[in-house]
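Q: Please take one residue in this structure and describe its setting closely. After that, go on to a strand and a helix in the other chain.

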Amino acid sequence: MKDLHLLDIENWGSEPTRKGFGRGLVKAGEVNKQVVALCADLTGSVQIAPFAEKFPERYVEVGIAEQNLVTVASGMAKMGKIPFTASYAAFSPGRNWEQIKTTAALNNQPVKIIGAHAGLYTGPDGATHQMLEDVALMRVMPNMVVIVPGDSVEAEKATIAMANDPRPNYLRLARDKSPVMTTDKTPFEIGKAYVFSPGQDLTIIANGTMTSVAMEAAEKLFKDGIDAEVIHCPTVKPLDGATILTSVKKTKKVITIEEAQISGGLGGAVSELLGENLPVPIKRMGIKDEYGQSGTPEELLNHYGLTVKNVMVNAHTLCESK
Amino acid sequence: MGKNYTASKLSIDKLELIANDIRQDIIKSLEEAGSGHSAGPLGLADIFSALYFDILKHDPENPNWEERDILLLSNGHCVPVQYAAMANAGYFPKDELKTLRKFKSRLQGHPEREKLPGLENTSGPLGCGLSQAAGISLSMKMDKVSHRWIYTVMGDGELNEGNIWEAAMLCSKYNLHNIIGIVDRNNIQIDGTTEHVMPLEDLKAKWESFGWHVIDIDGNDIEAVIDACSMARAIVEKPIVIIAHTVPGKGVDYMEYDYHWHGMPVGLSDVAGAPPKNEQAKVALKELRTLRGKIRNEHE
């Protein structure tokens, strides 16, 4: 889509989404002195380091203590600060979900939870560190906003948007490099989904590292005679129901794809929306009630079926079964 | 403009009478609620009288006064004592205490900041208050705000939570000496005595080894509570914790020292040695009125 200023597939870049977060946090900190950052002994890998180096007086190192990480941030938010807390998603929100609920979400303080190293892109670290349940965990929490950016450029914009958002937010980041599809001019707004590729026959709804997979699949499907519409849905909550329903009214068939558990995540959110408003055939792609394991991201994505080829197979099945 | 209670001192006997009022209000509100915790709130009444009527810089008519001290209740289940103290201090009409734990009440079973002006945090799940105090103190430090103190009331059973000790390390690391922790050392938790459920002693040595200055007092002695807080405000080398030894159920003979009353309201309990259920509140209030007379006589 020209007005979205997306890169053509052959021009895609490659960078981990966490890098975009690191840049965005520094920019947010330059604009607003109330932005502060807290980390639990992972400054380099979660990309808090650039902020901590530039604004040491606004940085708090809490040590390996994720419960403390978010509860200290809650106290800072109470005093007007905009605290960004970062750790691996497996530990925050994996370990401290109740503290997030009680002291940030129910208490309604604008604590920003950054879950880095989420999903299969965590690779060789294995199942303990490949957080796949975070989207579902955070989506079920009232007051919480859940954002899964599609690439590092969008992660940067999302971080800046979060600094200006009065609600508690969750931002999901990946460890390894993933394709960069968007540019500085591509719009991003919390709560908005974007039609990255228009089509008539089928709607593919994706976010995070899986949006690039959906885009590649759509291009190949077009050559097979299937005109797929790709909706990039970085905000899982609040869900942009209007954009999704407009598309699905037209195509009447849906694939969702995400690098997380299919229960309760993007696939869950879309199924709930369509189940109540516009029941149509839907295929959810993601992790199906199992844990990850060690391997390269490519090996893992192949093993769990999150590939361009599988999106195409599912698209053909949906389009041919009408 | 805010009100500074330390500027117009009430006498100790007045504060004791207020503590007695708070205790009677706790009994009445718990009986009306039909659920809730009795022992902890009764034991904390002297500390809350001292806090709201002497120690805290605050203004009931302007709960968000920017110069106020911050009081965090970390052990949220003891909130009946805070509600009673707040009502007596003028935050809301005393009549509203009857709505405790009722549908649509501002006085939720566990405190919710957004429901009632004057509450500084939402709590109930244990172990979070000291971390929030740390975040508040760090923010004050960044903003170069001094002379505002953060009082954090914790239960002793609550110290089982790892989150507390994560916070204790952090407060010490950043020398957050405007935090004054108050541990309600009443030796009971739901399943029994603290030393039976999960031994805490040597508690003073534990806090000291985490880098805290410890002040040990009788938490039912209002003068001792006020003195300890004055001393705490003068210490700048370390964060300060006051281990306040209190009698659980203080003021109601059949509840005192009995852990069975930790999570029980008056009027619904079959605890051995207690009066019949329908008499429990009456007996408690009668005892408290007698105590009130004694306080008056002592100071005449």
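A: Strands (E, at least two residues) and helices (H or I, at least four residues) are runs assigned by DSSP and numbered from the N terminus. This is a predicted model, in which local features need pLDDT of at least 70, side-chain atom pairs count only at pLDDT 80 or more, and totals for chains, interfaces and linings use all residues. Residues are numbered from 1 along each chain as its sequence is written, chains are lettered from A and ligands numbered from 1 in the order in which they are written, and side-chain values use heavy atoms, without hydrogens and water.

The residue is A:Gln261, which belongs to strand 13 of chain A. A:Gln261 has a relative accessible area of 10%, so it counts as buried (under 20%; exposed is over 50% and partly exposed in between, with a 1.4 Å probe and protein chains only). Leaving out residues up to four places away in sequence, A:Gln261 touches A:Leu132, A:Glu133, A:Ile287, A:Lys288, A:Asp289 and A:Glu290; contact means heavy atoms within 4.5 Å.

Two of these neighbours also meet the A:Gln261 side chain through polar atoms. With the side chain of A:Glu133, the side chain of A:Gln261 makes a polar contact of 3.0 Å (a pair of N or O atoms within 3.5 Å; within protein, one must be able to donate a hydrogen and the other to accept it, and residues adjacent in sequence count only if both atoms are side-chain atoms). A polar atom of the A:Gln261 side chain also lies 3.0 Å from the backbone oxygen of A:Glu290. A:Val195, by contrast, is 66 residues from A:Gln261 in sequence and 23 Å from it in space, C-alpha to C-alpha.

A:Ile205 is opposite A:Ile231 of strand 11.

In chain B, strand 2 has six of its six residues buried, so the rest of the structure largely encloses this strand. B:Ile150, B:Thr152 and B:Met154 point one way, while B:Tyr151, B:Val153 and B:Gly155 point the other way. In a regular strand, side chains alternate between the two faces of the sheet. Strand 2 of chain B runs parallel to strand 1 (residues 70-73) of chain B, and four bridges join them; B:Leu72 has B:Thr152 as its bridge partner. Strand 2 also pairs in the parallel sense with strand 3 of chain B, over six bridges, and B:Val153 stands opposite B:Ile182 of strand 3.

Helix 8 of chain B is in contact with this region. Its buried residues are B:Ile222, B:Ala224, B:Val225, B:Ile226, B:Ala228, B:Cys229 and B:Ala232. The buried residues of helix 8 pack against several elements of chain B, among them strand 2 (150-155), strand 3 (179-185), helix 1 (12-33) and helix 2 (39-55). At the N-terminal end, helix 8 is capped by B:Asp221, which has a side-chain oxygen 3.1 Å from the backbone nitrogen of B:Glu223.

Conventions
Two strands pair if DSSP finds at least two bridges between them.
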